[in-house]
Amino acid sequence: MTALPDDPTAPLDLARFGADGRALGEDDFAARHGHAFLLHHGNLDPTRKPAQPQPTMVMGRGILPSEVGGAPGSDVPGRKRSDSMNAMGALRVYPVKHTGRSPFPRIVTVGRTKNNDIVLADISISKFHAFFKEEGGQFFLADGESRNGTFVENERAMPTKQGKPTLLKSGVRVKFGAVEFRFIDVKELLVLVRQFG
């Protein structure tokens, strides 16, 4: 029996980058995997996966317990080092790069359907939810007029029709609908990979 190919829309385990993180320099690693990444602690909740087809479910605006605590790689006071290492091992990585699934080559799309570059199967995520744009080595995030919004450090990211995209700095919290991530650059990912991957 032949093994099924990996789902190209699935997130990657931090350990998946281990060999390249140790063998490649930053530029070569970025050329292969991308310059920016979204980190999520654990897998998305399978009970929140939408049935096909389904409209986006409107969610409340509460704070989520799924936030990745502290800066990437830092220890939270009172937490044992082994707990911190286990938490790092549970990280899922979503590269912020164009995959060819989206018809828009200048942006990296985020949404619920498989024609997005970053696919998030959650009922709070719109079919086309948001997008990243890279300009001059910096990443910007704009909402795609989603039903549940896109947030950077709890501030709403505007659709491009209503304002400028939000400039992202490595380490900021980003939330699409009810799903929260930490946005990091390639330097910070390499630190995590070399410590825990």
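Residue numbers start from 1 along each chain as its sequence is written, and side-chain values rest on heavy atoms, with hydrogens and water left out. Because the model is predicted, local features need pLDDT of at least 70 and side-chain atom pairs count only at pLDDT 80 or more, whereas totals for chains, interfaces and linings use all residues.

Begin by selecting helix 2 (residues 26-33) and helix 4 (residues 186-196), whose axes come within 10 Å and cross at roughly 100 degrees. Helices (H or I, at least four residues) and strands (E, at least two) are DSSP runs numbered from the N terminus, and the axes are lines fitted to C-alpha atoms, for helices over the stretch in contact, with angles running from 0 to 180 degrees between N-to-C directions. The two helices, helix 2 and helix 4, are therefore roughly perpendicular, a term that covers 65 to 115 degrees. To see the contact (heavy atoms within 4.5 Å), show E26, F29 and A30 of helix 2 together with V186, K187, L189 and L190 of helix 4. By class, this contact has five nonpolar, no polar and two charged residues; Ala, Val, Leu, Ile, Met, Phe, Trp, Tyr, Cys and Pro count as nonpolar, Asp, Glu, Lys and Arg as charged, and the others, Gly among them, as polar.

Next, select F151, V152, E153, N154, R173, V174, K175 and E180, which line the largest cavity. A cavity here is a set of points on a 1 Å grid over the protein atoms alone where a 1.4 Å probe fits but cannot get out, and lining residues have an atom within 4 Å of a point. The volume of the largest cavity is about 40 Å³, and strand 11 gives the largest share of its lining, three residues. Three nonpolar, one polar and four charged residues make up that lining.

Stay with N154, which sits in the loop between strand 8 and strand 9 (155-156) and has a positive phi of about 65 degrees although it is not a glycine. For comparison, select E145 in the loop between strand 7 (138-143) and strand 8, where phi is near 60 degrees. At 48% relative accessibility, E145 counts as partly exposed, the class between buried (under 20%) and exposed (over 50%) with a 1.4 Å probe and protein chains only.

Finish at I184 in strand 12 (residues 179-185), a buried residue with a relative accessible area of 0%.

Notes. 1 Å grid on protein atoms, 1.4 Å probe; cavity = no way out; pocket = protein on both sides within 12 Å on 5 of 7 lines; lining within 4 Å. Points joined across faces, edges and corners; volume = space filled by probe spheres on them. Parallel < 35°, antiparallel > 145°, perpendicular 65-115°, else oblique.
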